[in-house]
Amino acid sequence: MSVSSVSPIVTTQTMPTWRQKDAEPFVRIEQINKTFGDFTAVNNVSLDIYKNELFCLLGGSGSGKSTLLRMLAGFESPTSGSIIIDGVDMSNVPPWERPVNMMFQSYALFPHLTVEANVAFGLKREGLPSREVKQRVADILEMVQMGHLARRKPHMLSGGQRQRVALARSLVKRPKLLLLDEPLGALDKKLREETQFELMRLQDELGITFVVVTHDQEEAMTLATRIGVMNNGEIVQTAEPHEVYEYPNNRFVAEFIGNVNLFRGTVVSDERDSAAIQCDDTNGLIALDHGISCAPNQLVNVAIRPEKMRIAREPSSAQNNSAEGVITEVAYMGSQSIYKVRLLSGKEVRITQPNSHRDTGERLTWDDHVYLSWDADSSVVLTS
Amino acid sequence: MINASTNTTQLTLLQRLQTIRLGRWFVILMPMLWLAAFFFIPFLVVFKISLSEAMIAVPPYSPLLEWDPNNAYATLKVTFGNYLFLFESRFYLDAYLSSLRIAAVSTFFTLIIGFPIAYLIARSGSMARTILLSLVILPFWTSFLLRVYAWMSLLKKNGLVNDTLMSLGLIDQPLQILQTDVAVYIGIVYTYLPFMILPLYTTLEKMDMSLIEAAKDLGAKPWRAFCSVTLPLAKPGIIAGCLLVFIPAVGEFVIPSLLGGSDTLMIGRVLWDEFFLNRDWPLASAVAIIMLIVLVGPIMFMRNGNKEAL
């Protein structure tokens, strides 16, 4: 995946709310727990989500992200803890009274109703006059470009069209908070990309706070203002997309988001603005340009992203931050190539290099002896 | 040379088509033969008898064709007298209407009782589901007649129902339940409940639960969500269940004879009496033909409704 090209969508020119120290959160999840029998689906999660955010809950299956979303919608009640939306405690508020709408993973369109009637369903429950219902349904269907199919039944629509109807239905009531469960999961790659930008545009236009659940890191990277990475019912890191990628705070996040090479080593020096780690896999020390506030001789993992390593036939001038080995696999992907290199220690690492020039004569290939190097600011030390 | 080869390919193609067609015909033929042997031919026989006159003979009706051996010609003797008789007499009309009413009321109560049960089974875990379903089917393992007799002893003056109600102090005198229409309703609802539950269960089980959640999410209270989502989606099951209960209930004979009183008028009983007591086969056949015609109406109506639902 190419993550280098994406950036978080920041709608306001000023500092985003989640970076301000004293900002009032729009959704406050406080020490929430949810157990099903012996199984703990959500374990002591606390989370603040701010107005106009597009917050992504990212995690594998069984990580508790969907349960958390269902608790926001009101379909599950937390075993303990509280959820406050726009200043109101939601503990005793049933789903039909919450200022929240949800777009279901299966879309959950009513099969016996037309597109129009599906979208109008929520407005009719509010008891709006039929003229206004009609107008608002027509407007929102126009916005998602489904106006011409208003009288179709869901089974006569394609996957992408259904998804648009589901989106329109969840938006038409103008909820304060919109929940999306794997919104792009069922779409093909091209539609996904289109819809991602569509979602961001809508979010920008309507000023609704979005919470998106996804297992797809690329989706989370593109869409989110902030990402909450979940594992085993806990939120392991909450940060902006580039932070999650560049500065993962633990091994799970580093490995879950993108690819990473992990080097195990012991801390030999730790200053205010530099540190060094002794590792058996590398030629010299792993040198860092910042302190890591560790105990001396502590065992740590150093994470280096594949695209932050350089690969060459000649050794680099510096002894530190380098390694050597033999290429075991090459994958040419057009814009970039992926190399797998077996280091002298036997460890396998992965390197991606952009193919920024046309064939430069001798291309690196299987069994070539190569030297790897990286910069002092490329590696991240994971203590946990 | 070329011609010959194309000819052979054409021939094999034709042969292949023929075998395909034969196979298709065979598939359709079997149920057709079945229907012909066990429905259409008996229907024609009954229809034929309904056009003849009752007489003391074996069989007890006049032949349709009378062969005159002397003059070597046959006379076709057809009478619509039996049908006219049915429409002239208030008794038969009442019997039909009463049958339809009893069947309709029973079907309604079967639906009211069967729906929550089917819903519960469809929403329970796979383990509980198997147990509950087998409990629904379990009564079929004992004889239907035996179960109706059991109801007789439950509903009689000093039966379990009356005893319980009296010991609870709800009534002073035992209620006359047996030999009333109420007993017939109880009997039909009890007997036909599985036929309502099973089709309802199959449609409800297929329903996506997230649809109910979506309705609630969009502001529908549980009752509203039930009426505007669950009920319309269960429509095919409701229609199938109602047909499976209503149609046999109209012609029901055993339950009204055993549980009903002398004034419980149902067409099945009338049919029985005409056939076995009066030995008026032609009239009994006419009663049966009219009953069939009466039933075709609701079946067609409900089938159309079903098509719309799908």
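Q: UniProt positions are given in the numbering used here, and such annotations may be inferred rather than shown by experiment; with that in mind, which residues of chain B does the annotation "domain: ABC transmembrane type-1" cover?
A: In this predicted model, the annotation, which comes from an unreviewed UniProt entry, covers residues 96-302 of chain B. The span is 79% helix and 0% strand, and its end C-alpha atoms lie 20 Å apart.

Q: Which parts of chain B carry the annotation "transmembrane region"?
A: The unreviewed UniProt entry places this annotation on residues 25-47, 100-122, 131-152, 182-201 and 281-301 of chain B.

Q: How is chain B divided into domains, and how many residues does each give to the contact between them?
A: The assignment, automatic or taken from a database, gives domain 1 (2-76) and domain 2 (84-309) of chain B. Their C-alpha centres lie 36 Å apart, and the contact takes 10 residues from domain 1 of chain B and nine residues from domain 2 of chain B. On the side of domain 1 of chain B that touches domain 2 of chain B, the residues divide into seven nonpolar, two polar and one charged.

Q: How many residues of chain B and chain A count as being in contact, and what decides it?
A: Two residues are in contact if their C-beta atoms, placed from the backbone, lie within 7 Å, and by this rule the contact takes 15 residues from chain B and 16 residues from chain A. On the side of chain B that touches chain A, the elements giving two or more residues are α8 (209-217) and α9 (222-250) of chain B. The most comes from α8(B), with six residues. By class, this side of chain B has seven nonpolar, two polar and six charged residues.

Q: What are the helix and strand counts of chain A, and what share of chain A is buried?
A: Chain A has eight helices and 20 strands. A residue is buried if 20 or more other C-beta atoms lie within 10 Å of its own, and buried residues make up 39% of the 384 residues in chain A. Along the principal axes, the C-alpha atoms of chain A fill a box of roughly 75 × 50 × 45 Å.

Q: Why are β15 and β18 of chain A said to stand at the edges of their sheet?
A: Five strands form an open sheet in the order β15-β19-β16-β17-β18 (chain A), with antiparallel pairing. Within that order β15 (310-312) and β18 (348-354) of chain A each have a single partner strand, so one side of each is left without a neighbour in the sheet. Neighbouring strands of this sheet are turned by 45° against each other on average, direction ignored.

Q: What joins β17(A) to β16(A) and to β18(A)?
A: Seven bridges join β16 (residues 322-332) to β17 (residues 336-343) of chain A, running antiparallel, and A:G325 stands opposite A:L343 in β17(A). These two strands form a hairpin with three residues between them, where A:G334 in the turn has a positive phi of about 90°. β17(A) and β18(A) also pair in the antiparallel sense over seven bridges, with A:P354 in β18(A) as the bridge partner of A:Q336. Four residues lie between β17(A) and β18(A) in their hairpin, and A:G346 in the turn has a positive phi of about 100°.

Technical notes. Residues are numbered from 1 along each chain as its sequence is written. Chains are lettered from A and ligands numbered from 1 in the order in which they are written. This is a predicted model: local features need pLDDT of at least 70, side-chain atom pairs count only at pLDDT 80 or more; totals for chains, interfaces and linings use all residues. UniProt positions are given in the numbering used here, feature names are shortened, and annotations may be inferred rather than shown by experiment. Ala, Val, Leu, Ile, Met, Phe, Trp, Tyr, Cys and Pro count as nonpolar, Asp, Glu, Lys and Arg as charged, and the others, Gly among them, as polar. Two strands pair if DSSP finds at least two bridges between them. Axes are lines fitted to C-alpha atoms, for helices over the stretch in contact, and angles run from 0 to 180 degrees between N-to-C directions. A residue is buried if 20 or more other C-beta atoms lie within 10 Å of its own, exposed if 12 or fewer, and partly exposed in between; C-beta atoms are placed from the backbone.
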